[in-house]
Amino acid sequence: MKYYSLRHQSPLVDFRQATITGQAPDGGLYFPEAIPKFLPGFRRELRGLSKAIVAFNVMRPYVGTTIEEADLLRICAEAVDFEFPLVSVETGVSSLELFHGPTLAFKDVGARFMSRCLGYFAQRGDTPPVTVLVATSGDTGGAVASGFLGVPGVEVVILYPAGKVSPVQEQQLTTLGQNITALEVSGTFDDCQALVKQAFLDEELAQQRFLTSANSINVARWLPQQLYYCFAMQQWPEEAAPPVVSVPSGNFGNICAGLLARTSGLPLGHFIAACNANEPVPAYLRTGTFTPRAAIPTFSNAMDVGNPSNFVRILELFDNDLAKMRAALSADTVSDADTVAAIRQVWEQDGYLLDPHGAVAYTALRRYQAQHPEMAGMILATAHPVKFPGVVEPILGRAIELPAVVQALQGRAKRTVPMSVDYEALRAFLWR
Ligand SMILES: *Cc1c(COP(=O)(O)O)cnc(C)c1O
């Protein structure tokens with residue numbers, strides 16, 4: 001499998017090269033040259049297969065010969081080594097719980113897969129020692145830190161805004177040690193991101209250190225997200241019509257992976273991009289014009305993205321054809337007030353606790369079903385509600401119990417490198 005740049009000004013590369021560099025030299029995102037087709041009978045066979053084998057079968061064509069089969073199987077097994085239950089919430093609505101990984105974030109699968117691929121390439125000497133540099137507003141940093149912990153040949157530097165991530169998120173970022181360093185920046189997430197972007201443009205620094213990113217631009221983080229949809233279909237009733245799928249969306253990596261799996265022949269129905277007040281994509285589907293905006297802060301903060309980077313991949317999937325896109329995908333915008341109302345209603349009626357991101361997806365699905373009452377669907381529950389105590393605890397009327405993986409971090413020493421919003425300081429830190 002080769003990958004081309006969506007800006008078409010860079011050479012084709014294989015999976016290894018796309019993973020190591022993240023973005024193409026022309027600044028474009030990499031896209032697979034051909035989309036593999038699942039064989040007929042795939043849906044039936046799916047049920048009898050282990051998660052590791054499903055992952056191996058789906059990822060194999062994308063990885064090509066860049067990773068030995070036995071190693072790819074091990075990488076796949078480690079990446080999906082937890083549960084992805086599809087839980088019935090109420091008639092017509094199921095929830096695919098993607099928050100049972102080590103950092104309670106759906107980003108765990110992509111981060112674990114990518115880290116092990118990079119580690120594999122680094123150990124074989126296919127790449128110089130790599131430094132993964134990421135800015136985080138919360139969830140990405142924890143998933144990347146946990147995913148890359150102890151991976152030989154890879155160092156991780158995470159920038160996060162001091163005082164602006166939740167206590168659980170901060171513990172996940174700052175207590176692991178080893179090859180993970182957290183830079184506690186006295187600024188905002190946007191400041192962190194600007195510092196990271198500047199580092200990536202610093203050609204002198206690039207001579208000194210091989211820097212790469214670990215966000216969903218990277219194919220090794222983006223592509224394994226297809227697996228959620230496969231695991232969902234392992235659990236969806238065999239004779240039932242394909243589900244409507246509502247995906248809480250920010251950077252649009254997850255939903256784009258789902259649409260890719262659908263293009264490969266996974267029997268998924270209509271897709272809904274469930275957005276909060278950040279709505280460049282819903283506006284695009286309404287008007288045909290895409291206008292990036294500054295991000296607006298909301299309760300579902302992992303989706304506070306004003307210029308979703310994976311949108312160009314969705315355009316490519318639908319051959320830049322708006323009518324084709326509208327036939328498979330709709331989008332909706334859910335306010336904070338409606339998000340809270342949905343959490344309360346589902347908790348009171350069904351005894352099921354949604355997090356703000358899941359609540360956005362639930363509301364968008366219910367609105368779609370109001371027009372299409374015969375269609376059953378699922379939401380992707382992307383975060384554990386314990387990460388959003390400020391929103392969910394007033395509704396519950398008590399504190400949420402901490403899951404074991406979070407409890408294990410309690411009391412561990414926080415270690416950070418404090419830093420001001422000053423590129424020279426970051427540069428000096430990396431220049432070692
Ligand atoms: C990252 C994230 C999202 C958005 O996923 P994209 O792939 O960026 O669209 C949604 N929910 C949670 C909890 C997240 O952490």
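Student: Which helices each supply at least two residues of the lining of the second largest pocket?

Tutor: The model is a predicted one. The second largest pocket holds about 210 Å³ of space, and its lining has 13 residues. The helices that each supply at least two of the lining residues are H2 (42-46) and H3 (51-63).

Student: From which element does the largest share of that lining come, and how many residues is it?

Tutor: Among the lining residues, Lys 37, Phe 38, Leu 39, Phe 42 and Asn 57 lie nearest the centre of the pocket. By class, the lining divides into 8 nonpolar, 3 polar and 2 charged residues. The largest share comes from H3, with 4 residues.

Student: Is Leu 46 buried or exposed?

Tutor: Leu 46 has its place in helix H2. A residue counts as buried when its relative accessible area is under 20%. The relative accessible area of Leu 46 is 0%, so Leu 46 is buried.

Student: Which residues are in contact with Leu 46, leaving aside its neighbours within four places in sequence?

Tutor: Contact requires heavy atoms within 4.5 Å. Arg 262 lies 216 residues from Leu 46 in sequence and 15 Å from it in space, C-alpha to C-alpha. With neighbours within four places in sequence left aside, the contacts of Leu 46 are Val 54, Cys 230, Met 233, Gln 234 and Leu 266.

Student: Why is helix H11 largely enclosed by the rest of the structure?

Tutor: Helix H11 covers residues 226-235. Its buried residues include Cys 230, Met 233 and Gln 234.

Student: Which residues touch the most other members of the largest nonpolar core?

Tutor: The largest nonpolar core has 97 residues. Phe 15 has contacts beyond four places in sequence that include Tyr 62, Phe 113, Phe 121 and Val 219. A second, separate core of 30 residues includes Leu 104, Val 168, Leu 353 and Leu 354. In the largest core, the residues touching the most other members are Phe 15, Phe 113, Phe 148 and Leu 266.

Student: How far away is the cysteine sulfur nearest to Cys 76?

Tutor: The structure holds 0 disulfides. A disulfide would need two cysteine sulfur atoms within 2.5 Å. Cys 76 is buried, with a relative accessible area of 1%. For Cys 76, which is in no disulfide, the nearest cysteine sulfur is that of Cys 117, at 7.8 Å.

Note on methods
Residues are numbered from 1 along each chain as its sequence is written. This is a predicted model: local features need pLDDT of at least 70, side-chain atom pairs count only at pLDDT 80 or more; totals for chains, interfaces and linings use all residues. Side-chain values use heavy atoms; hydrogens and water are left out. On a 1 Å grid over the protein atoms alone, a cavity is a set of points where a 1.4 Å probe fits but cannot get out, and a pocket is an open set with protein on both sides within 12 Å along at least five of seven lines; lining residues have an atom within 4 Å of a point. Grid points are joined across faces, edges and corners, and a volume is the space filled by probe spheres set on the points. Ala, Val, Leu, Ile, Met, Phe, Trp, Tyr, Cys and Pro count as nonpolar, Asp, Glu, Lys and Arg as charged, and the others, Gly among them, as polar. A nonpolar core is a set of buried Ala, Val, Leu, Ile, Met, Phe, Trp, Tyr and Cys residues joined through side-chain atoms within 4.5 Å. Buried means under 20% relative accessible area, exposed over 50%, partly exposed in between (1.4 Å probe, protein chains only).
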